Amino acid sequence: MRLRTKNAWTGLALVLPLTLGCLLFYGIPFVMVGWFSVVKGTGASAEFVGADHFTDLLHNPVFKLAAKNTLAFLVLGLTLLLVIAYAIALLLRDPVRRSNFLQSVIILPYVMPVVGTVVLVDVLFTETGLWNQAYVAMGLPAQDWLGSDRAFWIILGLYLWKNTGYAVVLLLSGLVTIPREHYDAAEVDGASGWQKLRYITVPQMWYSVFFALVFSLINAFKCFREIFLIGGDKPAESIYMLQHFINNCFQKLSYGKMAAASILLTVFLCLLLGLGYRWVMRKEACKE
């Protein structure tokens, strides 16, 4: 009993620094964000306004633009990334096609520094970039790639190029755990390639797809670093994201709008992940 108590105190002492750090740097700011979302002003002059900040956001055209762009980026980015990563993972499932060198090449863009990716975009798409030089050489007028609607597709392509490899690794780790005997039995029964994919591969990959979705979602919001470095705090309208709106509210000391937008974004992400997890659990339950 004494040994158990001693071990409990030892474990508590080991996790206490991390727990205090989380409370200090995450717990307290989270409470403050909730407080700022329902008051106007700061300090002793703060006035309770209830849901006024949230109501104002829903009628704010700038917030609507940021929400629309962010939603479009997430829907297109996550869908294309998972489809492309799934296809590449299926191709690399065969040990003959899979090699350490090939996997390293696929993951290389993910570990590339943010500054490096921004420099790459500048080299290609600025006014004096390679694409415009090619246009001029062909007698065509130079294009404003980063200041027009084309910027959205450039950022989307950058996200796919940078993060697809990581999703491939996650999906591939799930594919290689499927027993080969399942496919051998299906071949004996005369199953086609499509039938094996539909009835063997897909049902056993829901957990891997969900984890790939979670990490890809996190990386989608990390892509704001590149967007901010490319376009600044006032980029082209097509790449004005919710992070821009929140960052600009912070610079203007509009804590109420910033807090309300942050809470709405958090609720949206929780709902998205909750629906994804529920979908996976329902698919897993159908297998039993």
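1. T117 counts as buried in this predicted model, because its relative accessibility is 0%, below the 20% limit for that class. The residue belongs to helix α5, which covers residues 114-125. A polar atom of the T117 side chain lies 2.6 Å from the backbone oxygen of V114. Apart from neighbours within four places in sequence, T117 is in contact with M112, L158, W161, K162 and E226.

2. S238 is placed in the loop between α11 (224-231) and α12 (242-251). With a relative accessibility of 8%, S238 counts as buried. The side chain of S238 has a polar atom 3.0 Å from the backbone oxygen of S148.

3. Helix α3 comprises the 32 residues 61-92. At the start of α3, N60 places a side-chain oxygen within 2.9 Å of the backbone nitrogen of V62.

4. L74 is a residue of helix α3. Its relative accessibility is 4%, and L74 therefore counts as buried. Leaving out neighbours within four places in sequence, the contacts of L74 are T79, L217, A220, F221 and F268. By contrast, Q204 lies 130 residues from L74 in sequence, and the C-alpha atoms of L74 and Q204 are 25 Å apart in space.

5. Rolling a probe the size of a water molecule over the atoms shows where empty space is left. The count is 1 cavity of 30 Å³ or more, and the largest cavity holds about 50 Å³ of space. Its lining consists of T70, F73, L74, A220, F221, C223, F224, I227, M241 and Q243. The elements giving two or more residues to this lining are α3, α10 (206-222) and α11. Helix α3 gives the most, with 3 residues.

6. What is the division of the lining of the largest cavity into nonpolar, polar and charged residues? The lining has 8 nonpolar residues, 2 polar residues and no charged ones. L74, one of the lining residues, is in contact with A220 and F221, among others; A220 and F221 are likewise listed in the lining.

7. Most residues other than glycine have a negative phi. L253, although not a glycine, has a positive phi of about 60°. L253 is located in the loop between α12 and α13 (255-287). Its relative accessibility of 56% means that L253 counts as exposed, the limit for that class being over 50%.

8. G41 is situated in the loop between β1 (39-40) and β2 (47-48). With a relative accessible area of 38%, G41 is partly exposed, since this class falls between the 20% and 50% limits. Beyond four places in sequence, G41 is in contact with F36 and A46. G21 is 20 residues away from G41 along the chain, and the C-alpha atoms of G41 and G21 are separated by 28 Å.

How values were computed: Residues are numbered from 1 along each chain as its sequence is written. This is a predicted model: local features need pLDDT of at least 70, side-chain atom pairs count only at pLDDT 80 or more; totals for chains, interfaces and linings use all residues. Side-chain values use heavy atoms; hydrogens and water are left out. Helices (H or I, at least four residues) and strands (E, at least two) are DSSP runs, numbered from the N terminus. The expected span of a helix is 1.5 Å times one less than its number of residues. A polar contact is a pair of N or O atoms within 3.5 Å; within protein, one must be able to donate a hydrogen and the other to accept it, and residues adjacent in sequence count only if both atoms are side-chain atoms. Buried means under 20% relative accessible area, exposed over 50%, partly exposed in between (1.4 Å probe, protein chains only). On a 1 Å grid over the protein atoms alone, a cavity is a set of points where a 1.4 Å probe fits but cannot get out, and a pocket is an open set with protein on both sides within 12 Å along at least five of seven lines; lining residues have an atom within 4 Å of a point. Grid points are joined across faces, edges and corners, and a volume is the space filled by probe spheres set on the points. Ala, Val, Leu, Ile, Met, Phe, Trp, Tyr, Cys and Pro count as nonpolar, Asp, Glu, Lys and Arg as charged, and the others, Gly among them, as polar. Contact means heavy atoms within 4.5 Å.
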